[in-house]
Amino acid sequence: MLRHWHVSFLSFCFFFLFLFLFLWTPYDEISATRTFSVDLINKTCKTCSDKSTVFNYTFCSASLQEIPVSRTTNLQGLAIVAMELALQNATHTLSVIKELRRNETWGHPFASACLRDCDVLYSEGVITLVDAVAVFLEGKYGSAGAWLTAVMDGTTTCEEGFGDMEEASPLTEQNYSVFQLCDVALCIVNLLVSHA
């Protein structure tokens, strides 16, 4: 419980640090910046989708544009938005997993074992995403990319665990969302590294 509170507090702090560092735009510049940033979102998502067969352009564009602050930021800001969204989704998924595990009548014993594995993976993944944001803010883009990749691997492992046990996964949508959000952040981090 204390660890969960600690992660939530850190997430809250990182979000406001993000607002301060990347989004402080004077009011009279917002309308001019908004068009640029929506173009930046679309261009970034297109570039990323061209580089990967699993990257979802529509998911990327819709997710980033859904957050108003992403329309007034730069490439670094978009990476933070994606990581914050991934952290929120991973935290929510962890709550879903814990609720499913509390429901003892749900599924087969094999499914319970899969949920236990996913619980561990997502517990670690939430901490890893907090670490990814921290090292990104320090300018350590390579480390941030490695942490994001680890979380993506965790979502895949969680999902594949149900398939290996020939069980229907109750987390397919959540695993997909966290994977895609991490992929968005990872691609942006890689773009920043290539432009450095």
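In this predicted model, 73% of the contacts in the protein chain between residues at least 6 apart in sequence join residues at least 24 apart. Of the 196 residues, 44% count as buried. The chain exposes about 10,500 Å², with carbon and sulfur atoms supplying 59% of that area.

The largest nonpolar core holds 53 residues, and the members that touch the most others are Leu64, Met83, Leu129, Phe136, Leu148, Leu171 and Cys182. Two or more residues each are given to this core by helices H2 (27–51), H3 (57–66), H4 (75–102), H5 (109–137), H6 (141–164) and H7 (172–195). The largest share, 14 residues, comes from H4.

Two packed helices are described by the angle and the distance between their axes. The axes of H3 and H7 come within 10 Å and cross at roughly 85°, and the two helices are therefore roughly perpendicular to each other. On the H3 side, the contact is made by Phe59, Cys60, Ser63 and Leu64, and H7 brings Tyr176, Ser177, Gln180, Leu181 and Val184. Sorted by class, this contact has 6 nonpolar and 3 polar residues, with no charged ones.

Definitions and conventions
Residues numbered from 1 in each chain as written. Predicted model: local features only at pLDDT ≥ 70, side-chain atom pairs only at ≥ 80, totals over all residues. Heavy atoms only, no water. Core = buried A, V, L, I, M, F, W, Y, C linked by side-chain atoms within 4.5 Å. Buried < 20%, exposed > 50% of the residue type's maximum accessible area, 1.4 Å probe, protein only. Helix = DSSP H or I, 4+ residues; strand = E, 2+ residues; numbered from the N terminus. Contact = heavy atoms within 4.5 Å. Areas by Shrake-Rupley, 256 points an atom, 1.4 Å probe, with all protein chains shown as cover. Axes fitted to C-alpha atoms, helices over the stretch in contact; angles between N-to-C directions. Parallel < 35°, antiparallel > 145°, perpendicular 65-115°, else oblique. Nonpolar A, V, L, I, M, F, W, Y, C, P; charged D, E, K, R; others polar.
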